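These notebook entries concern charged side-chain pairs. I set out to look up which residues pair and where they lie.

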Amino acid sequence: MTLTLREISQHFSFAGVAEDIRPIGEGLINETFLVQTGNGSPNYILQRKNRHIFTDVPAMMNNIQKVTSHLKKKVIENGGDPERETLTVVPARDGKLYYRDEEGEFWAACLFIEDTVGYDAARDPELARQGGKGIGRFQRLLADMPGTLEDTLPGFHDMRYRFRQWDETLAKDPAGRKILVQQEIAWIEERRAEMLAFRTKVETGELPTRVTHNDTKISNILFDPSGAILCVIDLDTVLSSCCLNDYGDAIRSYANTGMEDDKELYRVGLNMDIFEAYTRGYLSETLSFLGPAERENLAFSARYITFEQVLRFLMDYIGGDTYYKIKYPEHNLTRAKAQYKLLCSMEERYEEMCTVVANVINEPSIHY
Ligand code: GN1
Ligand code: MG
């Protein structure tokens, strides 16, 4: 018997009674709901985690708990509000950080943070600068987190792993679509060597690993109504990885003049003002710990992560749309094409990007 959302919510230590439960958010992986209670009790976010993608939800929730506990300590030390400036996991009634229903689905919950503003595009440089500060601060506050995180998504931003998946998918061609995307496949193959060369720098330790977010699109940050950064959300992908993945993924999201899945390719491209503003915000929080190799590879990381997204969307299209939620049959192909347009725009403007990064690093006011 399938439990209703109301019944699922009763398994969590919520204060108050769930009066209304409705879908919220645009995530491509999990199912997310807002649980509203009455009588002044807090509201909650309830999520069904995608267990095919997150194959070890208990380990994932342990990672999230470790990260949020450390952040809370730091926020309190800085005189902030630990229930607004970081997520608060709400455990199940049995004390576990998740509830597993009779069908084997995993559910988790956190406090809903009231009075916040979210965006799915950054048209305004000040917003981008705030977002950069948000992820930069997130990384800085976690730089001294004790213990380690479990690798709950092996190979997540590892291009060698992604190419293994890619080669297997192409060899199987399970949906018979390879023939339809010969030109798009060439986009990937032409860049294989340069992308693996970047990955090698992580494998050799030239680029270190740190506690990172790994999904830094703009919709994963909550702002307060005044426009200041409040809280980094969607912590499912917190991992130990190269911190440039967070920077690069944010540029892919913030500095795109179009949408991630824009059908109108003329709209898609790199917005240099947003790029610069995000870079300034990010570096204002991170220059105290970023090493020389990290500084030198910032601009390239935006190409790396955008390329990875072209590969992942195209691979999911070729593989028969098994990973990302889609809204129409060619959605993954549309996404791959839009991300490819963004990648080309970054490649054309790469020297300019490198100059912007170098200039920001040399601004005296950035070194606080
Ligand atoms: C997925 O579900 P969502 O929107 O938080 C994906 C990210 C992609 C993103 C593209 C675990 O994130 O890696 O960058 O879609 N998350 C996972 O929008 O694969
Ligand atoms: Mg996510």
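I counted a salt bridge wherever a side-chain nitrogen of Lys or Arg lies within 4 Å of a carboxyl oxygen of Asp or Glu. The model is predicted. My search of the whole structure returned 29 salt bridges.

Entry on Arg48. I found Arg48 in a salt bridge with Glu105, with the closest N and O atoms 3.9 Å apart. Arg48 belongs to strand S3 (residues 44-49) and Glu105 to the loop between strand S5 (99-100) and strand S6 (106-111), so this pair ties together parts that are 57 residues apart in sequence. I then looked up accessibility: Arg48 is partly exposed at 31%, whereas Glu105 is buried at 16%.

Entry on Glu203. Which residues did I find in salt bridges with Glu203? One is Arg160, where the closest N and O atoms are 2.8 Å apart. Arg160 lies in helix H4 (residues 159-172) and Glu203 in helix H6 (residues 192-203), so the pair ties together parts that are 43 residues apart in sequence. Another is Arg199, with its closest N and O atoms at 3.5 Å from those of Glu203. Arg199 and Glu203 both sit in helix H6, four residues apart, about one turn of the helix.

Arg160 is partly exposed at 31%, and Glu203 is partly exposed at 40%. Arg199 is buried at 16%, because the cut-off for buried is under 20%.

Entry on a network. I also recorded that Lys133, Arg137, Arg140 and Glu285 are linked in a network of salt bridges.

Key: Residues are numbered from 1 along each chain as its sequence is written. Chains are lettered from A and ligands numbered from 1 in the order in which they are written. This is a predicted model: local features need pLDDT of at least 70, side-chain atom pairs count only at pLDDT 80 or more; totals for chains, interfaces and linings use all residues. Side-chain values use heavy atoms; hydrogens and water are left out. Helices (H or I, at least four residues) and strands (E, at least two) are DSSP runs, numbered from the N terminus. Buried means under 20% relative accessible area, exposed over 50%, partly exposed in between (1.4 Å probe, protein chains only).
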